[in-house]
Amino acid sequence: MIAVQSLSRHFGSIKAVDDISFSVNKGEILGFLGPNGAGKSTTMKMITTFLAPTSGTATVDGFDILEQPLEVRSRIGYLPESSPSYKDMNVFDFLMFAAEVRGFDGDERLKKVKDIMETCNLKEVAYQQIDTLSKGYRQRVGFAQAFLHDPDYLILDEPTDGLDPNQKQEVRNLIKRMGQEKCIILSTHILEEVEAVCTRAIIIGEGKIVADGSPEELRSKSQLHGAITLDVAGANLESAIAELEKVQGVDRVEKLIAQDSQKDNNDKKDEDNELARLRIFPMCGKSIAHDVANFVHSKKWVVDGFTVEKGDLNEVFYNLTKGGAKQ
Ligand SMILES: Nc1ncnc2c1ncn2[C@@H]1O[C@H](COP(=O)(O)OP(=O)(O)OP(=O)(O)O)[C@@H](O)[C@H]1O
Ligand SMILES: [Mg+2]
């Protein structure tokens, strides 16, 4: 596993990473979230031994980043924030070089490179200079060098940045597959990616951990969590809202679509039979789905939609990090 212990990194007066501790086990895919400048890349650079901490340390598979950096590096595949820097090499030569650095030679080295070019869809650009590749292809070269030696630990800094939607999906599937037996930390600004890929997420704000939990746990901190979105016809809206607010556990009801805005779309319906969307918020910690459903049923309203909201990760992220982005 990866265990980070009181890790800090200061740049002059900037506390880029400020005393963070967490651990990640095999089989976990941990998402790092945070505004620009929050300290995600700096943390990753320290775990991968590319940057020395100001204080604190981390271990990877039991090896200390300060005491045994080579042991750590040999176990890690790292996709840095910026794509590979050997830009004047072609893809094949660069990967052959990366394979040599990883200790492969002879036929094994060639096989590793051919296999990884296949996995990362790089064959068609094998002899193209990295410099001249599109951003997405450069990112794939970054992947190839990170996965080449089939490491147990993967640190991926914004892995889907710059990829087209198909490639994004492919990379997410690949990460999910590998996550079953590896230990993966990835950073991203795409909250949907966290929901789609990660088993756990840490939100970092101004160098500190501000939340740590599964995507479901983080979503449940949202105001929206447990609210009911109700599409209903055949109700007098004002009195419906007043009545719903009296249902046990209901805190308040908001009108999301006004009756008037629906008129044009529903010209078959008469005034009393128009569709409205209401959002019914529970009191803190209450589950209201059952009581609201019973109430709606007893009123004989025509229900077009009834959704129990899981919560909105964007809202949680915003509320926890609204101190803003650092330079
Ligand atoms: N080499 C450096 N010298 C000075 N300051 C630095 C250096 N590297 C990072 N910083 C500062 O440390 C802070 C954290 O930067 P970091 O790159 O870790 O953020 P991040 O969370 O990865 O942001 P982003 O989402 O933009 O990639 C920022 O304020 C940044 O300017
Ligand atoms: Mg970064």
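Student: Which residues in H3 meet which in H4?
Tutor: This is a predicted model, where local features need pLDDT of at least 70, side-chain atom pairs count only at pLDDT 80 or more, and totals for chains, interfaces and linings use all residues. Residues are numbered from 1 along each chain as its sequence is written, and chains are lettered from A and ligands numbered from 1 in the order in which they are written. Contact needs C-beta atoms, placed from the backbone, within 7 Å. From H3 come Phe-92, Leu-95, Met-96, Ala-99 and Glu-100; their partners in H4 are Arg-109, Lys-112, Val-113, Ile-116 and Met-117.

Student: How many residues of each class has the contact of H3 with H4?
Tutor: Ala, Val, Leu, Ile, Met, Phe, Trp, Tyr, Cys and Pro count as nonpolar, Asp, Glu, Lys and Arg as charged, and the others, Gly among them, as polar. The contact has 7 nonpolar, no polar and 3 charged residues.

Student: At what angle do helix H3 and helix H4 pack?
Tutor: Helices are DSSP runs (H or I, at least four residues) and strands are runs of E (at least two), numbered from the N terminus. Axes are lines fitted to C-alpha atoms, for helices over the stretch in contact, and angles run from 0 to 180 degrees between N-to-C directions. The axes of H3 (residues 91-101) and H4 (residues 106-119) lie 9 Å apart, at an angle of about 125°.

Student: Which element gives the most to the shell around ligand 1?
Tutor: Strand S2 (14-24) and helix H1 (40-47) each supply at least two residues. The top contributor, with 3 residues, is H1.

Technical notes:
Two residues are in contact if their C-beta atoms, placed from the backbone, lie within 7 Å.
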